[in-house]
Amino acid sequence: MKLALLDDLRTQNPIVFNISNFVTVQDVANGLNALGASPIMSEEPAEAGEMVGLAGGVCLNLGAFTQAQIQQIRTVGQQANAQHKPLVIDPVAVGAVQYRKQVATGLLADFHPDVIRGNAGEIAALADISWQAKGIDAGEGAGDLVAIAQACAQKLDCVVILSGPTDIITDGTRVVKVLNGTPLFQVHVGSGDMLSSIVAAFCAVTPDTFEAAQTACLVFAAIGQRVVQTVPDVGAGSFTVHLLDALQSTTVAQIEAVAAYE
Amino acid sequence: MKLALLDDLRTQNPIVFNISNFVTVQDVANGLNALGASPIMSEEPAEAGEMVGLAGGVCLNLGAFTQAQIQQIRTVGQQANAQHKPLVIDPVAVGAVQYRKQVATGLLADFHPDVIRGNAGEIAALADISWQAKGIDAGEGAGDLVAIAQACAQKLDCVVILSGPTDIITDGTRVVKVLNGTPLFQVHVGSGDMLSSIVAAFCAVTPDTFEAAQTACLVFAAIGQRVVQTVPDVGAGSFTVHLLDALQSTTVAQIEAVAAYE
Amino acid sequence: MKLALLDDLRTQNPIVFNISNFVTVQDVANGLNALGASPIMSEEPAEAGEMVGLAGGVCLNLGAFTQAQIQQIRTVGQQANAQHKPLVIDPVAVGAVQYRKQVATGLLADFHPDVIRGNAGEIAALADISWQAKGIDAGEGAGDLVAIAQACAQKLDCVVILSGPTDIITDGTRVVKVLNGTPLFQVHVGSGDMLSSIVAAFCAVTPDTFEAAQTACLVFAAIGQRVVQTVPDVGAGSFTVHLLDALQSTTVAQIEAVAAYE
């Protein structure tokens, strides 16, 4: 776990190109900005190559998209591979919606992700493991979460982040668990999408995607946990506000003081 | 008025499928989430049937949409009818923009809403009653608001919510007025859209749409009023933040203590 | 500098029609609403003429748009000219992305803006002056910012606002500098888009666009500065919340007390 990557990120201010779904895009942009990265967004194929060229990392969110937008996601994913830019995928609701799983499976045959971040239901679906997902939520299942994450990582040959009360990060063999966090992340719809883009920002400052993925998870989870510990009576709305403040102001030393991982 | 429906909602955590306009979609998702429902959004026709199948209630917002998106709204509305899912319509700006009234009239011939929620200008337009609307705002008119709401409900054979300083809820004959609220709802552009989706969430936990509609209005108005009463110097920005916190934390007993309706 | 225009705006409550990019649209709508204007948004060409007719001012944001949306922007821009409504353009990222500069140049041949607002990189690009832009950020350059703003204003025959730590407002000859502000504007992605729409709101209450532009900049910058001076420990997230509150509550006298311009 290299927490110093956070200082590198704040010094280098990497550009992250996001295809973010329209529900959470503003939170994603503000979250990246607050942490110290620079967000760019675009839905126009004609500028896809140029946007990827500007970026240090690319994050593709597969939620809430039309077929025209899916084609744009394909173009950007292939451009990221061709230009050797780190590529993070967030497969929103592939566990609950059969159509989305088909779309995601098709896309993952057309480009190669460096990191996939999803909840248990989403990662299980991509690994073809049975799971009871519920809408955009993780749902419930009896499976071994570590085994599910490893199966997905091996199948798709990438780093997998299985987000939940405990985040599981694996490259298919090695496993890191981040124990920090707060249930308030679940109450704020943009949390997962924000984390996915932050993973891309960390990938922009180190070639080691496994290191980038686990550090991003620890930074995000620890900062969220500190918000709940330091702000009295924080709730669904104020959590987001304080999270953005804390993404901007929390130091590596403050994160180290609460960091819990294994 | 069955305030216990709020506890049912929080226990059952119903999925609400929203076609929300791009201006307010994030607020709508966060508002549903904070209250205890689970939001899903989609603009893709290919997953419309599946999304409706997952949902306990459907809310269609008619604001800020292109012709392709209107077609998607038609598909989802028809799916909601076919799958017998409660359907709430929010006819944004049909009172001010002739084109929007044409679109809404066409859509309402193609599917049947269970509830329509709008401001005075919007409900008057759907009832073909003269009114001076102003942009997305209610505007001014001399009509009897109860008569306007009843005429709209009778014409379209559904429950109508006419939102304003006093909310009027009617099934065409019976009328309930919710007297709670605060002028700050008008300063926050997402308030109306948020309420419409919350109505759909309440419809998901009771088959009595008239009961669901009035309870949703009372819960939302009373929670907003309590924010203004409990947070000093709350304004346009902080109101939204505290409203989300309060949607999550306010109890039935706290609502009963301020509830004002007739 | 006519700060009394703010009182006029709050009295007249002008409708501002915005084509806002999907990243910041909610902030723009809430910002206009908080200040005292009335926002309307639309992406549908069939209602473009009607929307322009309702509006006292029009603001076109050129960020994050598809080719279909660019066509809509062209239609609305031409309608604004034809209906003699003041037209503000925000040329997002034309300094960093070659494709966007091509699009903007094409659009500016098809309609005439009354005001263009951008950062140094964007204004330099439109003036064909060399500058090192970075993504959506201003970037760095050695040029004389006043000369760049004047060159752009002369070339495009309009008022130009070059936003930055010091805002430069010029009609090509006359120059006003607004010295108020706070670095927190840069941390919040919606700040620039919000200011552009606020400029359109001021243009709706006076025919003097140079006066409207400079007053809008002073009002926005001074209100942001007061937030930082009056709210302890304000950061990336809470700044937005307090900015919306302050847009609603700050008086002309309070702005005059901190106003710094030359």
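Reply: Contact here means heavy atoms within 4.5 Å. This is a predicted model, in which local features need pLDDT of at least 70 and side-chain atom pairs count only at pLDDT 80 or more, while totals for chains, interfaces and linings use all residues. Residues are numbered from 1 along each chain as its sequence is written, chains are lettered from A and ligands numbered from 1 in the order in which they are written, and side-chain values use heavy atoms, with hydrogens and water left out.

Me: How many residues of chain A are in contact with chain C, and how many of chain C with chain A?
Reply: By that cut-off, the two sides are counted separately. Chain A gives 26 residues, and chain C gives 31.

Me: What area is buried between chain A and chain C?
Reply: Buried area is the accessible area (1.4 Å probe) that two parts lose on being put together, summed over both. Carbon and sulfur atoms give 55% of it here. The total between chain A and chain C is about 2300 Å².

Me: Which residues form the salt bridge between chain A and chain C?
Reply: A salt bridge is a side-chain nitrogen of Lys or Arg within 4 Å of a carboxyl oxygen of Asp or Glu. The count between these chains is 1. Its N to O distance is 2.9 Å, and the side chains that meet are those of Arg100(C) and Glu47(A).

Me: Which element gives the most residues to the side of chain A that touches chain C?
Reply: Helices (H or I, at least four residues) and strands (E, at least two) are DSSP runs, numbered from the N terminus. At least two residues of this side come from each of helix H2 (25–35), strand E2 (38–41), helix H3 (48–54) and H11 of chain A. The most, 6 residues, come from H2(A).

Me: How far apart are the closest N and O atoms of Arg100(A) and Glu47(B)?
Reply: The rule finds 1 salt bridge across the interface of chain B and chain A. Arg100(A) and Glu47(B) form a salt bridge, with a closest N to O distance of 2.9 Å.

Me: Is Asp157(A) buried or exposed?
Reply: Asp157(A) lies in the loop between helix H7 (145–156) and strand E8 (159–163) of chain A. Its phi is near 55 degrees, a positive value in a residue other than glycine. Because its relative accessibility is 56%, Asp157(A) counts as exposed.

Notes. Buried < 20%, exposed > 50% of the residue type's maximum accessible area, 1.4 Å probe, protein only.
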